[in-house]
Amino acid sequence: MKFLDLAKVHIRSGAGGNGCISFRREKFIEYGGPDGGDGGSGGSVIAEAVEGLNTLIDFRYQQHFFAKNGQPGMGQQRTGKDGEDILLRVPVGTEILDEDEETVIADLSEVGDRVELARGGNGGWGNLHFKTSTNQAPRRSNPGQEGVERTLWLRLKLIADAGLLGLPNAGKSTFLAATSNARPKIADYPFTTLHPNLGVVGVDDVEFVVADIPGLIEGASEGRGLGDLFLGHVERCSVLLHLVDGTSPTLVEDYETIIGELEAYGGALADKPRVTVLNKIDALDDEERALAREMLEEAVGGPVMMMSGVSREGVTEVLRALRTNIDEDRLRHKPSQEEEQWQP
Ligand SMILES: Nc1nc2c(ncn2[C@@H]2O[C@H](COP(=O)(O)OP(=O)(O)OP(=O)(O)O)[C@@H](O)[C@H]2O)c(=O)[nH]1
Ligand SMILES: [Mg+2]
């Protein structure tokens, strides 16, 4: 599965400080001095891929990144202070594109990958540099170089093996938090997940990536709610995990709402392998579980698993089912030997 997350940033590196022409003043007369220092360099703007981020959403709120200018040189050979660099911390998998949105400038695919987006201007030379044997106090220095100003796009593509589906409040984030290293926001009100969270899940020594997608509501495929923003992105994952809140009095309708959205969205989404799970069974007694399961299985027309993200009952079985689907999907998409050997 691929998410496309896009942000536009406006960056500017700092200008270099001017070089200094030092002078002495005696009785209102200025004498050139011999010791003007260089200007400091302007700060650069740098991007670095860091761990623990999985969205560019922060860049929608802050879009301007201007590094400081270098300070001018001073007398007595003192160099101006350099402007500080600005570091944009971006998620692994971020591509940086030019303003045209086409030219890829950098692809930060591993933790620690770094790229300089705008170099700070060099500081100008102070008159110290222009000293000759005949002119010990030249009235000459260099101005600092200008900074660089650019508009760039950051684009994030994250890849996940399994995508979580379900109405708001179905318990998607709780499940992800219980099974992975991800720490999504969980609350008893809908739409607590406003952007996708990814978690690495492990079962039987195999790891895969699960994405928590903001709750789908009826009409998502037509652009209502938040789900529509992300429905397109679930197209590429191997399997969908559809969670149905077992405590909901309308659980069959809840299930059908999501299926309706998948079908309305079109494409191959509705045909994607799906694991349907009756969730929150810790809140149901045996009789309620059996009844809820029967109703849901009838709606699905096939078996339904049961689990609780809170008590973790049934969670391992669900992860195994996902894993089986992912393995099968990988086998299906593995290039055949002929394809691998084919040379143009
Ligand atoms: N009893 C019980 N409550 C659960 C379970 N899983 C989640 N909840 C509760 O249900 C509420 C919603 O859980 P979330 O995990 O935030 O639901 P979500 O599907 O991520 O919701 P959105 O992000 O709004 O789409 C919270 O109050 C959870 O504590 C469960 O297995 N059992
Ligand atoms: Mg959530």
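Two strands are said to pair if DSSP finds at least two bridges between them. Helices (H or I, at least four residues) and strands (E, at least two) are DSSP runs, numbered from the N terminus. By that rule, strand S7 (residues 94-97) and strand S8 (residues 104-108) run antiparallel and are joined by 4 bridges.

Good morning. The model before you is a predicted one, in which local features need pLDDT of at least 70 and side-chain atom pairs count only at pLDDT 80 or more, while totals for chains, interfaces and linings use all residues. Residues are numbered from 1 along each chain as its sequence is written, and chains are lettered from A and ligands numbered from 1 in the order in which they are written.

Let me begin with the overall picture. The protein has 7 helices and 16 strands. Of its 344 residues, 44% count as buried; a residue is buried if 20 or more other C-beta atoms lie within 10 Å of its own, exposed if 12 or fewer, and partly exposed in between, with C-beta atoms placed from the backbone. Two residues are in contact if their C-beta atoms, again placed from the backbone, lie within 7 Å. Among contacts between residues at least 6 apart in sequence, 72% join residues at least 24 apart.

I return to the hairpin of S7 and S8. Thr-94 has Leu-108 of S8 as its bridge partner. The hairpin has 6 residues between the strands. With 12 C-beta neighbours inside 10 Å, Glu-101 counts as exposed.

Asn-169 sits in the loop between S11 and H2. Is Asn-169 buried or exposed? Asn-169 is buried, because 21 other C-beta atoms lie within 10 Å.

Now to the sheets. One open sheet has 3 strands in the order S6-S4-S9, with mixed pairing. Strand S6 (86-91) and strand S9 (114-118) are at its edges, each with a single partner strand, so one side of each is left without a neighbour in the sheet. From one strand to the next, the twist averages 30°; axes here are lines fitted to C-alpha atoms, for helices over the stretch in contact, and angles run from 0 to 180 degrees between N-to-C directions. Strand S4 (residues 45-50) runs antiparallel to S9, and 4 bridges join the two. Val-45 has Ala-118 as its bridge partner in S9.

Another open sheet has 6 strands, in the order S12-S13-S11-S14-S15-S16, and its pairing is mixed. At its edges stand strand S12 (197-203) and strand S16 (305-306); each has a single partner strand, so one side of each lacks a neighbour in the sheet. S12 and strand S13 (residues 206-212) run antiparallel, joined by 7 bridges, and Leu-198 stands opposite Ala-211 in S13. Helix H4 (residues 251-265) packs on this sheet, touching strand S11 (162-165) and strand S14 (239-245), and its direction makes about 150° with that of S14. Helix H5 (residues 286-300) lies across S14, strand S15 (274-279) and S16, running at about 155° to S15.

Next, the interior. A nonpolar core is a set of buried Ala, Val, Leu, Ile, Met, Phe, Trp, Tyr and Cys residues joined through C-beta atoms within 7 Å. The largest such core has 38 residues; among the members that touch the most others are Ala-162, Val-210, Leu-241 and Leu-278. Apart from it lies another core, of 21 residues, including Val-9, Ala-67, Leu-108 and Ala-118.

One annotation deserves mention. An unreviewed UniProt entry places the feature "binding site" at Ser-173 and Thr-193; such annotations may be inferred rather than shown by experiment, and feature names are shortened, with positions in the numbering used here. Ser-173 lies in helix H2 (residues 172-179) and is buried, with 24 other C-beta atoms within 10 Å.

Finally, confidence. The pLDDT, the predictor's confidence in each residue from 0 to 100, averages 84 over the protein, and 82% of the residues score at least 70. Among the elements, helix H7 (residues 337-341) has the lowest mean pLDDT (48) and S16 the highest (98). Over residues 338-344 the pLDDT is below 50, and beyond near neighbours in sequence this stretch has 1 contact in the model.
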